[in-house]
Amino acid sequence: MDKRKNKVDILLGLQWGDEGKGKIVDFLTPDYPLIARFQGGPNAGHTLEFDGQKYVLHTIPSGVFHEGSINLIGNGVVIDPRIFKGEIESTQIPLSDFVKRLYISKKAHLILPSHKLLDAALESSKGTFKIGSTLKGIGPTYTDKVARIGIRTGSIVDKDFKTKYDQLKKQHLMMGEALDFDTDTFRPDGLSFEEYENQWFEGVELIRLFPLIDSEIYVNKQREAGIRILAEGAQGSLLDIDFGSYPFVTSSNTVAAGACTGLGIAPSSVGEVYGIFKAYCTRVGSGPFPTELFDSNGEEMRREGNEFGSTTGRPRRCGWLDLPALKYAVMLNGVTRLIMTKADVLSIFEKIQLCIGYEYNGEVIDYLPFDYNHKNLIPVFKTLDGWKQNLRPFSTYEALPKSLKDFVEYVENYLNVPVFIVSTGPDRAQTIVREIE
Ligand code: GDP
Ligand code: IMO
Ligand code: MG
C-alpha cells in the first residue's frame with residue numbers, strides 16, 4: 001500500500017524564514033496537482049527562478065507557474081488585496097488562465113489598509129524594542145481574527161461589506177491615535193492612505209473574479225480522491241507565534257500543526273513533512289540569533305548568498321548553521337525529510353563552522369532555553385573542511401565533493417532525519433535529489 005495515499009505533505013521552513021521554500025515548492029509541483037498555502041500573508045517573499053526569469057510571490061502559492069496544478073490560498077492565510085493584485089500582474093500569467101488555477105478560501109482574513117497603519121503605530125510605539133516587522137499589517141490582522149472582529153474574504157460579496165470595512169477602519173484609526181501615531185502623515189508603501197485604499201478596493205474587485213470556496217471541504221475531497229497535495233508554509237519555525245523567540249516572531253503558527261488549522265485537515269492526514277533549511281542561518285528583523293556573525297565571514301555570506309529580504313530589501317543578518325535550533329524545529333514539526341539549500345554559498349569558505357551546542361549558565365546544553373538572548377547563550381562550534389568548489393557542474397548527490405557530503409551526513413546524524421534534496425543555486429535546475437528510502 002502507498003503510505004502517502006490520501007495524505008497531505010507539508011513543506012515548511014525550519015529557521016527564521018527565507019530558506020528557499022518558494023524555489024523548492026516550484027521544483028516539487030510537478031508531483032502535486034494541488035499546492036496550498038496555510039498561513040502568513042504578504043510578509044512572505046518566496047522567490048522562484050527558471051528560464052532566466054525571477055519571480056517573487058507573497059500570498060500566492062509557489063506552484064502557480066505549472067499549468068497543471070491548482071493553487072489554493074487557505075483559510076489560515078491573510079490577504080492584502082492590493083498586494084495580491086500586484087502579484088497577479090507581476091507573474092504575467094493571463095488572467096483567464098489564472099482564475100482557473102488559483103482558488104481562495106472564503107475564510108481567509110483580509111488585511112485592511114488600516115491594519116497596516118496599526119502595524120506601523122505599534123512598531124513606532126515600541127521605541128528600541130521593535131520587532132522589525134515587515135509592516136504588512138500581519139499582526140493586527142491576526143489580532144482581529146482572534147478578537148472575532150476581522151473581515152473574511154467571503155464577505156466581499158456581502159451588501160454590508162463596505163459598512164463593515166468602515167466600522168473596522170474607524171476603530172483602527174482611533175487605536176492609532178491612542179498610540180500617539182500621526183495617522184495623517186502615514187504613507188503606506190509611499191502612497192497616501194486614500195490612494196492605498198483605492199487600489200485596495202481595486203484588488204477586492206479582482207479577487208471577486210477568482211473562485212472563492214469552502215477550501216477545507218475542497219482539500220479533503222481532493223485528498224480522499226487520491227490527489228496529491230503539498231501544503232506550503234511561510235516564514236520559519238523559529239518565527240512561530242508559540243515556539244519562536246517571542247516577542248520577535250510573526251503572528252501565526254508556522255509549524256506543521258499550522259497546516260491542520262490553516263487548511264482544515266486532520267493531523268492523521270499529514271504525510272511527509274519536508275523541513276527546509278539553509279546550510280547557514282539568516283534572520284531579518286530583531287531578536288536573538290545565537291550564531292550571528294559580526295565579522296567579515298558574515299559579510300561574505302551576505303554578499304555571496306545575496307542575503308537581502310525578498311519582501312523588504314533589508315539586509316539579512318547571517319551566521320553559521322545552528323544545529324540545536326534546527327533539532328528543536330525538527331522536533332516541533334515531525335520532519336520526515338530534510339532539504340538543504342544554498343550549499344553553493346558556503347563554497348567560498350576554507351573552513352565551515354557548525355554550532356553543536358550552547359554554553360548557558362556555566363553548562364553546555366543542546367536546546368534553546370526559555371530566556372535565551374544575545375548575551376546568555378554562547379555557541380559551541382565544530383569545524384569541518386569546506387569544499388571550495390563551484391557546484392554548478394554537479395547533478396547527482398554521489399558526485400558532489402566529499403567534504404560537502406560529510407557536512408550533509410554530519411547534519412543528518414545530528415538530526416536523525418535524511419537529507420532528500422540539496423539545492424546548489426537559485427534556479428529550478430540547480431536542485432539535486434537524493435535517492436533515499
Ligand atoms: P523563501 O521565503 O523560503 O521562499 O526564500 P526567499 O525566496 O525569501 O529567499 C531565498 C533566496 O535564495 C532567493 O533569492 C532564492 O532565489 C535563493 N535561493 C534558493 N535556493 C538557493 C540555493 O540553493 N543557492 C543560492 N545561491 N540561492 C538560492
Ligand atoms: P518567508 O515566507 C523572513 C519576520 C520579520 C520580523 C518578524 C515579524 O519569506 O520566509 P511580521 O511582518 O510577520 O510582523 O514580522 O518576522 N518575517 C520574516 N522573515 N522571512 C519571512 O517570510 C518573514 N515573514 C516575517 O522580518 O522579524
Ligand atoms: Mg522569503
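## The largest pocket

The largest pocket has a lining of 48 residues, and Ile131, Ser133, Val249, Thr250 and Ser251 lie nearest its centre. Helix 4 (113–125), helix 5 (138–146) and helix 6 (161–178) are the elements that each give two or more residues to this lining. Helices (H or I, at least four residues) and strands (E, at least two) are DSSP runs, numbered from the N terminus. Helix 5 gives the most, with 7 residues.

The volume of the largest pocket is about 850 Å³. Its lining divides into 19 nonpolar, 20 polar and 9 charged residues. In this classification, Ala, Val, Leu, Ile, Met, Phe, Trp, Tyr, Cys and Pro count as nonpolar, Asp, Glu, Lys and Arg as charged, and the others, Gly among them, as polar.

## Basis of the description

This is a predicted model, in which local features need pLDDT of at least 70 and side-chain atom pairs count only at pLDDT 80 or more, whereas totals for chains, interfaces and linings use all residues. Residues are numbered from 1 along each chain as its sequence is written, chains are lettered from A and ligands numbered from 1 in the order in which they are written, and side-chain values use heavy atoms, with hydrogens and water left out.

A pocket is defined on a 1 Å grid over the protein atoms alone, as an open set of points where a 1.4 Å probe fits, with protein on both sides within 12 Å along at least five of seven lines; lining residues have an atom within 4 Å of a point. Grid points are joined across faces, edges and corners, and a volume is the space filled by probe spheres set on the points.

Polar contacts are pairs of N or O atoms within 3.5 Å. Oxygen atoms of ligand 2 lie 2.7 Å from a side-chain N or O atom of His46 and 2.9 Å from one of Asn43. For Gly132, a backbone N or O atom is 3.4 Å from a ligand 2 oxygen. The protein buries 97% of the 550 Å² that ligand 2 exposes when taken alone (Shrake-Rupley method, 1.4 Å probe).

## The second largest pocket

The second largest pocket has a volume of about 560 Å³. Its lining comprises 27 residues, with Thr47, Gly305, Arg316, Lys342 and Pro426 closest to the centre. Strand 3 supplies the largest share, 4 residues.

Technical notes:
A polar contact is a pair of N or O atoms within 3.5 Å; within protein, one must be able to donate a hydrogen and the other to accept it, and residues adjacent in sequence count only if both atoms are side-chain atoms.
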